[in-house]
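Trainee: I would like to learn how to read strand pairing and helix packing from a model. Where do we begin?

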Amino acid sequence: MLKSDLQQALKLSKWAFVSAAIFSMLINFLMLIPSIYMLQLYDRVVPTGNQSTLVMLTAIMLVLFITLGALEWVRAQILVRISCRLEVLLNQRLFQVAFKQALYTGGQKASSQPLDDLTGLRQFMTGNGLFAFFDVPWMPIYIALMFVFHSWYGWAAIFTATVLAILAIITEKSTGKVLAEANMQSMKNRQSVNQNLNNAEVIESMGMLENVRRRWFVGASKTLELQAVASSRASLLAGLSKIIRLSSQSLILGLGAYLVILHEITPGLMIAGSILLGRALAPIDLMIGSWKGFVAARGQYKRLNEILLQIPATKNTMALPDPKGEIELEAAFVSPPGVKKAVVKGLSLTIQQGDIVGVLGSSGAGKSTLARALLGIWPTSSGAIRLDGADIYSWDKLHLGNFIGYLPQDIELFAGTISENIARFGEVDAEKVIEAAKIADVHELILHLPEGYDTYIGARGANLSGGQRQRIGLARALYKHPVLVVLDEPNSNLDEQGEVALRHALQRLKSLNSTVIIITHKKDILEQVDKLLILNEGGLVAYGGREKVIAHLQQQRQQQA
């Protein structure tokens, strides 16, 4: 059976868990100290009045308690190290998983939830809740020792432990499903809030705040209701568990007193039995008290396993030669993530290296879907899109990205300096950054900013105008002379000066023999293209030299007229 990265990481920590279990065994043995010490005081020291024995027993008890504290500290450190190791082994993998999840779903499921789940699981592993699971297996030892004290003690311990175990099962049945549903609803609420915050300007400008808040409040109220139900049930059962445990310790004292009266046990055993029972029942009581955290950790573990299996790690592929920019589509069908119906339907054509191709079509014709497929962002559902003969989706993206330039419709700039954004957050080559900015005709604009290329821009470039963002995005796309450039509506926010800069950039790309795909609604920029690709409802209408395609379309219109 295929194991997820999480299961493999836990397997690598197997011996650390074994060490923690061994320390738990020693800790639980040392937990017998209070009972044994009390037994010796009542049965040896008090009857004889021997002070030397008292001092010696007390000294031994203190040394053992110090040892007990040291062992518990070591066990805690082992679990901390295991949790840190899990974080180190999985955080980069889960970062990629979160990124790919957003990519595969077209951003619909963009969330840091996998990383949050790893953090939650790690925190549970370092909390007291996990210690209970290490201590529960040693309960039989305590109960067996109580049978040594007296059979009635043993049966009383078994009865009480059984009642508490039943309570633990009831807690799971009554709260587990509700808590899991509450956690899922809470995740949806957080995603909704994040989406709303990202669209704050739209919400504020069009008076949508009250409607959005009302919708959020419905989800928040549902989460609160579910959590309240689960917490109410859990607190009731936890209180009942505590009552049973405390009552049993007092009742066993009464039982011990009765047995002392019958001369079947000593007074020391009476006290020691009560202490021992409390210790035997403590793990179950702790499990019931920390059940909410356990349910959350179980859900986090399940989600991490599922998503790690759904999105396998990227396999290392043999490095291919640097691409030159020739693209070939072979009966390519492309569907956006989560959509069964193909948007791009059976395209077959070749784009030669150095071609500048304009892609035209009405809204919904599949232009942006084609752009994402040409970049290897979305796979083909059938057929293939090849770059220099190799399926572009199978290329190593880290290697290929150095030769690709992309300007999407929605310009995304990132928190950092302008130079870092243009350099794609790699090592900033100042000469190439400035060259790309000059080609995009944004160099002078950047110099007029407060700190020039070192000007810090917030997430999404919120402190820049749409035109500025688009031109900086264009400079980023042109950084280091890419061989394939895809521009999706590159002049949607440009003024006249920006339009001129875009034309100059296309001429520069032509001189560099770069392959360029331009998706646009504006006809002015089409003067710069070599070929035209016309789409309609995902199908190919016409493809070829610009003049030839225009003549073909004019002829069709005349025939239709």
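**Sheet and helix packing**

Mentor: Strands β3 (residues 356-360) and β10 (residues 515-519) pair in the parallel sense over four bridges; two strands pair if DSSP finds at least two bridges between them. V359 stands opposite I519 in β10. This is a predicted model, where local features need pLDDT of at least 70, side-chain atom pairs count only at pLDDT 80 or more, and totals for chains, interfaces and linings use all residues. Residues are numbered from 1 along each chain as its sequence is written, and side-chain values use heavy atoms, with hydrogens and water left out. Helices (H or I, at least four residues) and strands (E, at least two) are DSSP runs, numbered from the N terminus.

Trainee: In what order do the six strands of the open sheet stand?

Mentor: Strands of a sheet pair through backbone hydrogen bonds, either parallel or antiparallel. Here the order is β6-β9-β10-β3-β11-β12, with mixed pairing. β6 (404-407) and β12 (539-545) each have a single partner strand, so one side of each lacks a neighbour in the sheet.

Trainee: Which strands does helix α13 touch?

Mentor: Contact means heavy atoms within 4.5 Å. Helix α13 (residues 367-374) touches β3, β6, β9 (484-488), β10 and β11 (531-536). Helix α18 (residues 466-478) lies across β6 and β9.

Trainee: At what angle do α3 and α11 pack?

Mentor: Axes are lines fitted to C-alpha atoms, for helices over the stretch in contact, and angles run from 0 to 180 degrees between N-to-C directions. α3 (residues 33-48) and α11 (residues 267-289) pack at about 165°, with axes 8 Å apart. That makes α3 roughly antiparallel to α11 (angles over 145 degrees).

Notes. Parallel < 35°, antiparallel > 145°, perpendicular 65-115°, else oblique.
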